[in-house]
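Hello,

Here is the structure I said I would pass on. My notes on the contacts and the packing follow below it.

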Amino acid sequence: MNWRSVFKHPGLTIGLAATALFAMLALLSLVWTPYPIADISIARRFATPGAEHWLGTDQLGRDMLSLIMSGTLTSFTVGAIAVLIGAGIGVPLGLAAAIYGGPVEWVVLRFSDLAFAFPAVVIAILIATLMGPGASNAVIAIGIFNVPVFAQVARGGALAISTLDFVAAARLAGLRKPMIALLHLLPNIASLIIVQGTIQLSLGILAEAGLSYIGLGTQPPATSLGLMLRDAQSLFLIHPWLSLAPGLAIVVIVIALNIAGDGLRDALDPRLRNRGLANVAG
Amino acid sequence: MSLVEIENLTISFGGKPAVSGLSLSINQGDRFGVIGESGSGKSLTALAITGLLPEDAEVSGTIRFDGAPLPQDEKAMARLRGQRIGMVFQEPMTALNPLMRVGAQIEEALKLNGQDGDSAVVGLLEEVGLEARHAARFPHQLSGGQRQRVMIAMALASAPDLMIADEPTSALDVITQRMVLDLIREICDRRQMTLIFISHDMRAVAALCDRIAVLRGGKLVESGTVKAVLSQPAEAYTQKLVAATRMVQRQGEPHVADKTLLEVDHLTRAFSQGGFWRWGTQPLLAVNDVSLSVSAGECLALVGPSGCGKTTLARMIVGLDSATSGQMQFEGTVYRGGDLPPARRADLSLVFQDPFGSFNPRLSVGQSLGEPLRLLPGLDHDEHDQRLVDAIESVGLERGMLTRFPHEFSGGQRQRLAIARALVTRPSLVVLDEPVSALDVSVRGDVLDLLARLQNQFGLTYIIISHDLDMVAAMADRVLVMEAGKIVEEGKPAALFAAPQHRLTKALMEARLPDLVS
Amino acid sequence: MGVLRPMTLYILRRIFGFLVTLLIAAAVIFLLLDLLPGDPARFILGINATPEAVAALRLQMGLDDPALLRFSNWLFGMLRGDFGLSQTQKLPVAGLIAERMAVTLPLTLFAMVISVAIGLPLGILAARHRGKPVDTALMILAQTGVAIPNFWFGMLLTLLFAVTLRWLPPGGFTPWNEDAWASLRGLVLPSLALALPQAAILARVMRTALVDVSSQDFIRTARAKGMTFGEALWRHGVRNALLPVLTILGLQFAFLIAGTIIVENVFYLPGLGRLIFTAISERDLVLVRSATIILVLVVSFTMLVVDLAYGLVDPRLRERRA
């Protein structure tokens with residue numbers, strides 16, 4: 001894929017641009033926010049959006065824009081690390097299942113059944129019982145939840161590729177199975193994994209919000225979009241804006257990621273692009 | 001009177017024409033053959049007649065059916081093709097709904113045309129040579145040939161005026177292919193039906209049709225009666241297609257040395273059915289106690305229907321699979337398959353059937369060609385590069401192509417590259433698995449010429465796996481016929497094909513389509 | 001070979017896989033919670049308890065038995081319906097969980113029904129008119145729906161239907177035996193909040209599956225028989241497209257039951273989630289352990305049902321023996 005093909009897919013361009021914008025705002029919060037997020041001032045609480053506080057202030061007088069920038073960083077970080085955990089464990093497992101087959105495949109499939117039986121919330125509950133709530137708790141819970149997803153995507157893709165003759169040709173050339181997986185299977189399923197990665201990133205951001213909302217994720221004084229919603233919960237009926245702003249931020253980020261993911265799939269997978277001609281043999 | 005009248009038909013996708021300015025006229029009662037290679041636009045033409053083109057196709061020109069232009073309204077067009085046109089497609093595997101019994105699928109076609117009843121289904125099944133009990137089967141419980149018969153029964157349900165058969169036999173094996181062709185001919189005769197038969201196979205068209213149109217790159221090359229076009233083709237392209245149907249003898253002087261290169265000794269390969277849960281299932285013997293020997297310089301052919309075990313045998317010989325029992329001996333090295341030592345693997349290689357699947361799309365041609373050189377660890381960098389250049393030039397391609405990627409090459413070129421890869425380690429034995437069957441007819445001859453030249457030049461020994469008896473007769477010194485994992489007949493091609501002894505060999509010979517009249 | 005045998009084998013295999021998954025899941029939960037640092041007995045009795053009292057309680061709770069014995073006691077107890085006593089509430093865990101399940105399960109089921117009833121028809125509609133404005137509009141809607149966190153959506157619904165329009169209660173739950181109609185009304189907004197994002201996912205999956213199927217040869221065959229594209233899609237496409245959708249339905253049930261744990265916080269419902277949070281904060285391990293295994297049981301049972309449904313829909317699967 002080259003840059004020209006990126007611009008052939010407007011969805012991809014829009015999605016990537018919007019995602020990049022939020023990611024940059026989030027990164028910016030590391031070095032600068034309009035106001036320090038720990039800056040509590042009861043005097044200026046519940047300020048409406050205006051010139052001084054673009055998105056207003058919350059019940060403690062903290063600047064909402066600063067909170068959202070910082071919260072977005074937490075959401076992205078949790079989602080991204082969870083994707084890395086999921087892909088880092090899941091893809092090798094899926095590849096191993098595909099190339100070795102037999103007992104290895106059976107174990108991987110049973111493991112993935114098992115992992116699917118534990119929704120992320122249940123894992124988070126168990127970890128919270130063990131170690132107490134926290135952002136790392138959410139990362140691990142979502143990461144474990146991602147593992148079987150990546151394992152299945154990698155296994156499915158690798159199985160489809162491994163029936164092709166060039167894999168047999170590599171075996172004839174004396175390549176060992178791990179080398180074949182690395183040289184021939186992985187590059188050909190990379191696009192599948194990237195697309196799945198964007199989907200899991202958006203799901204991870206949603207899951208982090210949910211876990212923080214029920215108090216199993218990010219803990220104060222750190223902030224995340226979900227935690228902002230938790231804080232705003234009791235004031236929701238009087239000051240709906242405090243819930244609307246972070247909620248809308250989640251929605252827009254997730255939409256941007258999903259559009260980018262759909263665009264990537266169209267751009268990377270020529271089989272889907274040429275579907276119109278797929279019917280016509282001669 | 002003409003039943004189908006195509007005038008100046010142009011079909012394009014995204015501005016690129018796939019069919020351009022095509023005009024054809026098909027008369028009532030004609031058996032009309034449309035011949036062309038991949039990309040000739042022959043299938044698109046058939047879809048245009050039935051109004052089944054993909055939505056993104058841009059169409060211009062007119063098509064008249066029985067004097068009237070095709071209706072624009074989708075429903076009217078659907079009813080027209082349901083009632084008056086029957087269609088049979090190429091892929092019997094995917095053309096039937098996998099979740100529905102075939103009887104119900106035929107009945108549906110009957111009901112759509114206002115007919116009714118189980119008796120009609122049975123009648124149709126019997127007409128196409130199936131039995132009433134087959135109606136209760138699901139598609140996956142039928143063989144490819146049986147599924148194609150179901151398709152024909154469905155096409156006949158409305159007693160159509162026109163039947164369009166689009167490569168109806170190219171996914172079937174030789175014997176089934178002949179039976180399906182005979183069935184189509186018989187039904188057209190009995191029902192006085194007009195037929196449009198689309199194929200890449202000159203001999204199938206010659207055997208079935210009375211008129212013919214040759215298409216290339218979306219344009220009409222020539223048309224006329226089968227007799228006129230095939231005996232005196234006016235256009236160079238048609239001449240080439242006709243010539244390609246006649247296999248030229250390719251063995252030169254006898255080159256077989258008196259030395260055994262490969263010895264296969266009571267080889268058996270059993271596949272357990274059911275994997276992890278193997279309660280009470282019999283293992284399937286894909287190769288069953290096979291012994292054979294190959295002499296240096298020989299060209300040995302293994303022929304047989306699909307599923308006879310010839311490919312499994314080839315995979316064991318090159319070391320992709322291991323025997324359950326028995327052993328092989330290659331120039332003194334005893335092995336069972338996968339245990340062939342890497343140093344010996346360099347002396348053996350395999351050319352795959354499908355030139356599109358045999359190259360990793362992410363690697364350059366040079367990287368793919370260089371892969372087998374891992375088996376020769378002693379090569380330095382210059383020798384390595386020289387091997388690649390030698391290999392690619394020996395198959396008639398240029399060294400500059402080494403940096404390109406597979407998708408930049410045509411099917412014929414890719415098969416040359418696959419041969420180059422097989423030769424890069426300078427092996428003594430090359431196994432060729434259906435080396436030309438995935439290629440267009442017009443390039444098959446060139447690839448076979450190349451193989452014959454390389455054999456002479458490098459003193460190679462070939463084992464050719466094929467179902468194409470004409471190709472085998474032209475290339476092989478000796479033929480082995482396989483059925484159900486066993487070798488059932490053996491001999492020199494001329495003698496074997498002139499007087500086949502075994503039932504299978506006889507059936508294969510009978511299924512051969514007659515040569516073109518010249 | 002009879003027709004029944006492969007099907008029976010298929011069912012048996014799936015049930016066996018289900019039981020193995022469940023057994024391993026129980027072992028994982030047991031091991032995790034057993035590894036927990038700290039002494040539950042001391043936690044319950046408080047810092048000032050005498051060592052004798054702690055030892056007595058440990059004995060009573062069976063904490064000094066070998067781990068394997070405690071694991072099998074737990075397992076066999078569950079098989080008899082005995083989930084043990086809650087360490088903090090001193091009540092049978094089975095009763096506590098059953099009481100909460102009376103809220104959680106109906107909520108999950110309602111949400112499931114709503115999401116299927118909305119998602120599938122819209123997905124079919126979009127696929128039928130793919131590339132047209134209807135499709136684009138529906139898919140933009142779905143794209144938005146997928147991105148909305150269900151608990152936040154719940155807040156918005158409360159604001160609109162409970163606070164502004166006053167059609168439905170904003171939260172709380174009337175027990176079923178007091179006023180079933182009120183209980184039902186209390187579950188409307190929570191189940192909508194849960195269902196709509198899932199319906200959006202379902203619509204997208206259904207559309208993709210149907211678009212995939214619609215390019216297959218047997219749809220062309222059906223059209224060749226005399227059907228329009230729409231008729232062919234309806235008669236032959238939908239059933240084939242349901243196969244991938246079934247898998248998603250199974251996963252959705254897991255998402256929904258996990259979602260109830262979150263969403264019940266918005267509506268102050270006394271569901272399983274609240275029980276679990278109390279148990280976590282009070283370190284009631286017996287309760288956490290049993291509640292999580294119940295959740296895992298419900299989720300994997302759904303997967304089993306989906307697998308069996310696959311076998312019913314697809315004749316090929318009934319016979320494949322690998």
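**Interface of chains C and A**

Chain C and chain A bury about 4000 Å² between them, with carbon and sulfur atoms giving 78% of that area. Please keep in mind that this is a predicted model.

The contact involves 47 residues of chain C and 38 residues of chain A. By class, the chain C side consists of 35 nonpolar, 7 polar and 5 charged residues. Elements of chain C that each give two or more residues to this side are α1 (4–34), α6 (133–147), α7 (150–164), α8 (180–214), α9 (217–224), α10, α11 (272–281) and α12 (285–313).

As for specific interactions, 1 salt bridge is found across the interface. R204(C) pairs with D262(A) in a salt bridge whose closest N and O atoms are 3.2 Å apart.

**Nonpolar cores**

The largest nonpolar core contains 158 residues, and F118(A), I97(C) and F151(C) have the most contacts inside it. Helix α10 of chain C (residues 229–266) supplies the largest share of this core, at 18 residues.

Beyond its neighbours within four places in sequence, I97(C) touches L272(C), L275(C), L287(C), S290(C), A291(C) and I294(C).

Regards

Terms used:
Residues are numbered from 1 along each chain as its sequence is written. Chains are lettered from A and ligands numbered from 1 in the order in which they are written. This is a predicted model: local features need pLDDT of at least 70, side-chain atom pairs count only at pLDDT 80 or more; totals for chains, interfaces and linings use all residues. Side-chain values use heavy atoms; hydrogens and water are left out. A nonpolar core is a set of buried Ala, Val, Leu, Ile, Met, Phe, Trp, Tyr and Cys residues joined through side-chain atoms within 4.5 Å. Buried means under 20% relative accessible area, exposed over 50%, partly exposed in between (1.4 Å probe, protein chains only). Helices (H or I, at least four residues) and strands (E, at least two) are DSSP runs, numbered from the N terminus. Contact means heavy atoms within 4.5 Å. Buried area is the accessible area (1.4 Å probe) that two parts lose on being put together, summed over both. A salt bridge is a side-chain nitrogen of Lys or Arg within 4 Å of a carboxyl oxygen of Asp or Glu. Ala, Val, Leu, Ile, Met, Phe, Trp, Tyr, Cys and Pro count as nonpolar, Asp, Glu, Lys and Arg as charged, and the others, Gly among them, as polar.
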